[in-house]
Amino acid sequence: MIQGFDLERYLRHSRKVDTSDIDFSEAARSPLSAEEIRCLTYMMDIESHTIVYLRGILSTCAIEDPETTAFLSCWAYEEFFHGRTIRQFLDAYGVQVSPHRIAEVQKSTSFKEWLKNLGASLLCQVSRHFHGVYLTYGAISELSTLEGYHVLAGRTANPVLAEILRRLAKDERRHFSFYYNKARQQLQERNTQRLTSFVLKRFWMPVGGGVKPDPEVDWILRFILGEPSGAQIAARIDATISKLPGMQWFDRLARSREESLRRLGPPKTGAVSRPPAASTSSSGRSAWPAGAPQASGLEGSNASCEGQG
Ligand SMILES: [Fe+2]
Ligand SMILES: [Fe+2]
């Protein structure tokens with residue numbers, strides 16, 4: 001039983017995000033900025049990476065907890081459809097995404113991420129307290145993603161995207177609720193608090209860290225949280241996490257935001273990437289002219305970004 005989270009209800013109601021009433025052919029009627037496309041590509045990659053992340057989690061002591069395994073089964077399913085929905089939107093807008101995108105992202109996953117997974121499974125062998133670590137880690141990730149989707153939904157001039165992001169955020173709120181409430185239970189023990197603080201202080205990375213190159217993580221933090229209002233959002237995430245037992249010190253979102261801004265400088269206004277012209281392919285879908293943005297090509301653009309959600 002998890003206080004504050006009705007697992008049975010979650011399991012009963014878990015489903016893929018419902019976009020059946022969204023007309024994706026309207027996606028290209030309003031513009032997206034080049035930065036929004038880059039950001040959505042990042043989000044799509046991280047959502048789609050969930051299955052790889054799940055493999056890591058299941059190699060830890062999480063596998064021994066029936067509540068966690070029940071949740072993870074539905075969670076991974078929902079996250080898969082988050083990635084797929086963003087991809088569908090990008091596709092409808094005219095952004096080409098490589099069919100091998102997931103494998104490409106996995107290949108570029110850093111040694112640091114691999115080491116983290118290995119460390120987690122090894123730690124589990126010696127400490128039952130590790131359960132609290134990844135639950136807290138999960139709570140921070142879900143809350144960051146939830147806040148990020150709200151920021152993007154509130155900022156975009158594209159109403160189809162805004163609606164999709166709001167729906168994804170609803171799922172993220174449920175995910176956050178599981179991790180947060182389950183973490184609070186685990187963190188009742190002093191040794192779990194100590195281990196969680198130790199691991200987070202040394203190894204925590206913002207959403208996408210270790211999967212995406214560091215400069216891209218900096219870029220996304222600046223893009224989503226770079227405005228002055230972003231400082232308040234980062235502080236809000238930190239304040240929520242710091243209410244967990246033993247986590248009073250938690251300040252990592254604010255700190256990461258500041259570090260990214262120091263490395264990259266203040267946010268700049270991005271150029272608008274116009275939706276496709278009226279020409280359509282034989283399939284009836286709008287066709288991008290040569291040189292149109294491609295999600296796979298955005299990876300290469302990181303090199304020109306000084307600094308990388
Ligand atoms: Fe998600
Ligand atoms: Fe989530």
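Which helices are included in what covers the buried residues of α11?

**Before selecting anything**

This is a predicted model, in which local features need pLDDT of at least 70 and side-chain atom pairs count only at pLDDT 80 or more, while totals for chains, interfaces and linings use all residues. Residues are numbered from 1 along each chain as its sequence is written, and chains are lettered from A and ligands numbered from 1 in the order in which they are written.

**The whole protein**

Colour by secondary structure: there are 13 helices and two strands. Helices (H or I, at least four residues) and strands (E, at least two) are DSSP runs, numbered from the N terminus. Of the 309 residues, 42% count as buried. A residue is buried if 20 or more other C-beta atoms lie within 10 Å of its own, exposed if 12 or fewer, and partly exposed in between, with C-beta atoms placed from the backbone.

**The core**

Next, select Phe89, Tyr93, Ala139 and Ile220, the residues with the most contacts inside the largest nonpolar core, which has 68 residues. Such a core is a set of buried Ala, Val, Leu, Ile, Met, Phe, Trp, Tyr and Cys residues joined through C-beta atoms within 7 Å. The elements giving it two or more residues are α2 (34–48), α4, α7, α8 (159–186), α9 (190–203), α10, α11 and α12. Of these, α7 gives the most, with twelve residues.

Select residues 66–93, helix α4. Its 28 residues reach 41 Å from first C-alpha to last, close to the 40 Å expected at 1.5 Å a residue; the expected span is 1.5 Å times one less than the number of residues. After α4 comes Gly94, with a positive phi near 110 degrees.

Phe89 is in α4 and counts as buried because it has 22 C-beta neighbours inside 10 Å. Leaving out residues up to four places away in sequence, Phe89 touches Phe24, Ala27, Val160, Leu161 and Ile164. Contact requires C-beta atoms, placed from the backbone, within 7 Å. Also show Leu40: its C-alpha is 9.4 Å from that of Phe89, although the two are 49 residues apart along the chain.

**Ala183 in α8**

Move to Ala183, in helix α8. Ala183 has 26 C-beta neighbours inside 10 Å and so counts as buried. Beyond its neighbours within four places in sequence, its contacts are Gly132, Leu135, Thr136, Ala139 and Leu244.

**Helix α11 and its cover**

Select residues 228–241, helix α11. Its 14 residues should span 20 Å at 1.5 Å a residue, and the end C-alpha atoms are 21 Å apart, which agrees. Gly230, Ile233, Ala234, Ile237, Asp238 and Ile241 are its buried residues. Looking down the axis of α11, these fall within an arc of 135 degrees, so they line one face of the helix; the arc is that of the directions from the helix axis to the C-beta atoms. On the other side, Pro228, Ser229 and Gln232 are exposed. The cover over the buried residues includes α7 (130–155), α10 (214–225) and α12 (252–264).

**Where α10 meets α12**

Finish by showing α10 with α12. They pack at about 105 degrees, with axes 9 Å apart. Axes are lines fitted to C-alpha atoms, for helices over the stretch in contact, and angles run from 0 to 180 degrees between N-to-C directions. The angle makes α10 roughly perpendicular to α12, a term for 65 to 115 degrees. Residues making the contact include Asp218, Trp219 and Arg222 of α10 and Ser256, Arg257 and Leu264 of α12. Leu264 and Arg222 are 7.9 Å apart, C-alpha to C-alpha, and 42 residues apart in sequence.

Key:
Two residues are in contact if their C-beta atoms, placed from the backbone, lie within 7 Å. Angles under 35 degrees count as roughly parallel, over 145 as roughly antiparallel, 65 to 115 as roughly perpendicular and the rest as oblique.
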